[in-house]
Amino acid sequence: MKITLIGYMGSGKTTIGKMLSQELHLNFYDLDALLVKESKNDSILNLFKNKGELFFRNREHSLLKTILKQKNKYILSVGGGTPCFYNNIYLLNKYSNTFYLKTDSYTLFKRLFLEKDTRPLISHLSKNELFIFIIKHLSKRSYFYEKSLEKINVYGKSKYDIVQEIVKSVSLS
């Protein structure tokens, strides 16, 4: 069993992934954290600023392919843009059970406003610009997210309930 959590930044992929790995006793990998480690602890923000998004997406794609082809079972959390570049969503669906953590724009705004300085795509945006950006950006990325094998609407649900919904889904398959 390989499970990949996808969704917009701030949707809870890392938090749910860690809880899910404990529940299912599987290793947890966070693609962004692995990229930082591979880049000698250079932050995602610095990678974007210093090397550019194209460099970042190429490294992300390469690392993703390596992880997906592993034989062991795991939980993987990917960055919000990962499914939207190259053929990543197809690779994710081919090699793992993908779950889209579907979150509404307002919830994302509330979460991301508090941590926007650490996120390269939004660090420079004002409060109003951020909300508009999320609505437009989520609209574009949803096309790819909706291609996931499973969709979990996380609005109004506790972290525990989300984890249990995923556990139930994978135990039925």
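1. The buried residues of α2 are covered by, among others, β2, α3 (44–51), α4 and β3. Keep in mind throughout that this is a predicted model.

2. Which residues of α2 are buried? In this helix, residues 31–38, they are Leu31, Leu35 and Val36. Looking down the α2 axis, these buried residues sit within an arc of 140°, so they line one face of the helix.

3. After the helix comes Lys40, which has a positive phi, near 55°.

4. Just past the end of α3, Gly52 has a positive phi of about 95°.

5. Now the sheet. It is open, with five strands in the order β2-β3-β1-β4-β5, and the pairing is parallel. The edge strands are β2 (27–30) and β5 (150–153); each has a single partner strand, so one side of each is left without a neighbour in the sheet. On average, neighbouring strands are turned by 20° against each other, direction ignored.

6. Where does Ile6 find its bridge partner in β4? That partner is Tyr100.

7. Two helices to check against the strands are α1 and α4. Helix α1 (residues 13–24) lies across β1, β2, β3 (74–77) and β4, and runs at about 160° to β1. Helix α4 (residues 53–68) lies across β1 and β3, at about 165° to β3.

8. On to the packing. The largest nonpolar core has 31 residues, and Tyr8, Leu31 and Leu76 have the most contacts inside it. Two or more residues each come from α2, α3, α4, β3, α5 (88–95), α6 (105–115) and α7 (127–145). Helix α4 gives the largest share, five residues. There is also a second, separate core of 15 residues, including Leu5, Val154, Val163 and Val167.

9. Leaving aside neighbours within four places in sequence, Leu76 is in contact with Ile3, Thr4, Leu5, Tyr29, Leu31, Leu64, Ile67, Leu68 and Leu92.

10. Last one: Thr82, in the loop between β3 and α5. Is this residue buried or exposed? Thr82 counts as buried because its relative accessibility is 0%. Its side chain makes a polar contact with the side chain of Glu60, at 2.6 Å. Apart from neighbours within four places in sequence, the residues in contact with Thr82 are Leu31, Arg57, Glu60, Leu64 and Asn88. Leu31 brings us back to α2, where it is one of the buried residues.

Note on methods: Residues are numbered from 1 along each chain as its sequence is written. This is a predicted model: local features need pLDDT of at least 70, side-chain atom pairs count only at pLDDT 80 or more; totals for chains, interfaces and linings use all residues. Side-chain values use heavy atoms; hydrogens and water are left out. Two strands pair if DSSP finds at least two bridges between them. Helices (H or I, at least four residues) and strands (E, at least two) are DSSP runs, numbered from the N terminus. Axes are lines fitted to C-alpha atoms, for helices over the stretch in contact, and angles run from 0 to 180 degrees between N-to-C directions. Contact means heavy atoms within 4.5 Å. Buried means under 20% relative accessible area, exposed over 50%, partly exposed in between (1.4 Å probe, protein chains only). The arc is that of the directions from the helix axis to the C-beta atoms. A nonpolar core is a set of buried Ala, Val, Leu, Ile, Met, Phe, Trp, Tyr and Cys residues joined through side-chain atoms within 4.5 Å. A polar contact is a pair of N or O atoms within 3.5 Å; within protein, one must be able to donate a hydrogen and the other to accept it, and residues adjacent in sequence count only if both atoms are side-chain atoms.
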